[in-house]
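Please keep the sequence and the structure in view while reading.

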Amino acid sequence: MAWKRARRAIRWTGRVAGFVLGLAALAPAGAWVWWQPEPRSPGTGANALWARHQWVGEAHTEDEYRALGRLLRENRMTDVFFHAGPFEPDGGVPAAKYRNARKLIEAVRRHAPGVRAQAYLGQIRKVEGHGAIDLDDAAVRERVLATDAVFLDLGFDGIHYDFEPVYPDDAAFLTLLDRTRELTRSRGRLLSVALEQGTLADAAQPVLKALLPRTGGLRYPPRPTERFLKDVADRADQVAIMTYDAALPTRSLAGWHYARHTAWTLRTIGDRTTVFMGVPTYRPAMGWAEDLDGALRGVRRGVDELDRPPARPYGVGVYADWTTDPAEWARYRANWLPGPPENDGR
């Protein structure tokens with residue numbers, strides 16, 4: 001009797017394993033078929049670029065500034081996030097780290113008028129005792145705001161936050177956004193926020209939260225739920241989604257990843273705020289499957305899935321200027337930029 005039960009258990013396990021393997025085999029095949037049609041939707045002229053720290057930290061020649069301006073104009077960048085931090089644990093940034101910021105801002109205005117130069121600031125958010133900056137500490141948040149004011153005084157057009165990880169129950173982060181929005185709007189400037197890609201299923205979040213820690217290798221993924229994404233969008237002028245690092249093994253699956261997150265994000269907050277979908281020019285872990293061309297195609301396929309265009313401007317955020325060579329910029333223009341300027345978010 002015991003042997004029969006064991007045989008049934010083995011047979012059941014085999015069937016389940018076969019079913020799972022069958023699904024695993026069908027997913028790439030289905031994604032490949034879905035991936036074949038060309039996107040119908042064009043790209044846009046509302047785009048952003050994450051830029052290296054050397055622009056604010058080191059001196060540059062007029063020729064270098066002129067070349068930067070030409071690159072921004074040619075690729076229709078409306079916004080550039082110039083890395084200006086990171087924040088120290090107390091919320092400050094040493095002045096020596098951004099000693100050439102004012103010269104940079106003046107150069108952008110000369111050579112790329114209309115392009116918004118934002119101060120890209122962030123840090124590893126302290127969670128369960130691990131990390132660098134404790135946003136739960138009100139004094140730290142006040143120092144962050146004081147630092148933001150310094151960058152706005154220098155002439156930056158906005159503050160771009162990139163704190164990681166941020167979980168969808170992070171009330172302190174939302175409080176910081178409320179206070180930062182008060183500051184930026186009082187100066188007529190922008191608040192921009194970088195977030196991880198959305199959850200695969202919001203309903204799974206309570207289970208993941210209960211079972212997994214927030215630190216270590218296997219952890220509760222710090223991804224925004226629909227409600228949290230809306231909460232951030234209602235506080236920010238722009239939201240940039242760090243869609244890259246799909247970690248999927250085929251080009252069509254990686255493209256589906258970009259399409260799925262683009263459609264979901266634009267449906268969720270595209271009428272509330274400007275959205276930039278992050279695309280990579282560096283080599284991700286599975287670089288044979290994920291690259292700039294596939295990401296741009298995936299974003300356009302995601303726009304195809306919408307019933308109507310979002311009310312607010314949208315585009316892509318290129319990560320990053322220090323990993324993008326001239327050939328990639330040419331492919332970006334060919335695969336993304338539309339003919340006449342449109343939807344440029346200015």
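Q: In which loop does Glu128 lie?
A: In this predicted model, Glu128 has a positive phi of about 50° although it is not a glycine. As for its place in the chain, Glu128 belongs to the loop between strand 3 (116–124) and helix 5.

Q: What is the value of phi near which Ala247 is found?
A: Ala247 is located in the loop between strand 6 (238–242) and helix 9 (251–269). The residue is other than glycine, yet its phi is positive, near 55°.

Q: Is the peptide bond from Gly85 to Pro86 cis or trans?
A: Pro86 is part of the loop between strand 2 and helix 4. For the bond from Gly85 to Pro86, omega is near 5°, and the bond is cis.

Q: Which residue does a cis peptide bond join to Tyr319?
A: The residue in question lies in the loop between strand 8 (314–319) and helix 11 (326–335). Omega of the bond is about 10°, and the partner of Tyr319 is Ala320.

Q: How wide an arc around the axis do the buried residues of helix 4 cover?
A: The buried residues of helix 4 (residues 101–111) are Ala101, Leu104, Ile105, Ala107, Val108 and His111. They lie on the same side of helix 4, because the arc that they cover around the axis is only 160°.

Q: Against which elements do the buried residues of helix 4 pack?
A: Among the buried residues of helix 4 are Leu104, Ile105 and Val108. The elements against which the buried residues pack are helix 2 (54–57), helix 3 (62–74), strand 2 (77–83) and helix 5 (138–154).

Q: Are helix 6 and helix 8 roughly parallel or roughly antiparallel to each other?
A: Two packed helices are described by the angle between their axes and the distance between the axes. The axes of helix 6 (residues 171–186) and helix 8 (residues 226–233) come within 10 Å and cross at roughly 20°. Angles under 35 degrees count as roughly parallel. Helix 6 and helix 8 are therefore roughly parallel.

Q: How many charged residues does the contact of helix 6 with helix 8 have?
A: Helix 6 contributes Phe173, Leu174 and Leu177 to the contact, and helix 8 contributes Phe228, Asp231 and Val232. By class, there are 5 nonpolar residues and no polar ones, and the number of charged residues is 1.

Q: Is Thr184 buried or exposed?
A: Thr184 is a residue of helix 6. Beyond its neighbours within four places in sequence, Thr184 is in contact with Leu152, Ile159, Arg189, Leu190 and Leu191. Buried means under 20% relative accessible area. The value for Thr184 is 0%, so Thr184 is buried.

Q: How far apart in space are Ser252 and Leu190?
A: Ser252 lies in helix 9 and is buried, with a relative accessible area of 5%. Apart from neighbours within four places in sequence, its contacts are Pro28, Ala31, Trp32, Trp34 and Trp35. Ser252 and Leu190 are 62 residues apart in sequence, and their C-alpha to C-alpha distance is 36 Å.

Q: What is the radius of gyration of the protein chain?
A: The protein chain has 11 helices and 8 strands, and its C-alpha trace spans about 80 × 50 × 35 Å along the principal axes. With 346 residues, a compact globule would have a radius of gyration near 20 Å; the value for the protein chain agrees with this, at 22 Å.

How values were computed. Residues are numbered from 1 along each chain as its sequence is written. This is a predicted model: local features need pLDDT of at least 70, side-chain atom pairs count only at pLDDT 80 or more; totals for chains, interfaces and linings use all residues. Side-chain values use heavy atoms; hydrogens and water are left out. Buried means under 20% relative accessible area, exposed over 50%, partly exposed in between (1.4 Å probe, protein chains only). Helices (H or I, at least four residues) and strands (E, at least two) are DSSP runs, numbered from the N terminus. The arc is that of the directions from the helix axis to the C-beta atoms. Contact means heavy atoms within 4.5 Å. Axes are lines fitted to C-alpha atoms, for helices over the stretch in contact, and angles run from 0 to 180 degrees between N-to-C directions. Angles under 35 degrees count as roughly parallel, over 145 as roughly antiparallel, 65 to 115 as roughly perpendicular and the rest as oblique. Ala, Val, Leu, Ile, Met, Phe, Trp, Tyr, Cys and Pro count as nonpolar, Asp, Glu, Lys and Arg as charged, and the others, Gly among them, as polar. The radius of gyration is taken over C-alpha atoms; the globule rule is 2.2 Å times the number of residues to the power 0.38.
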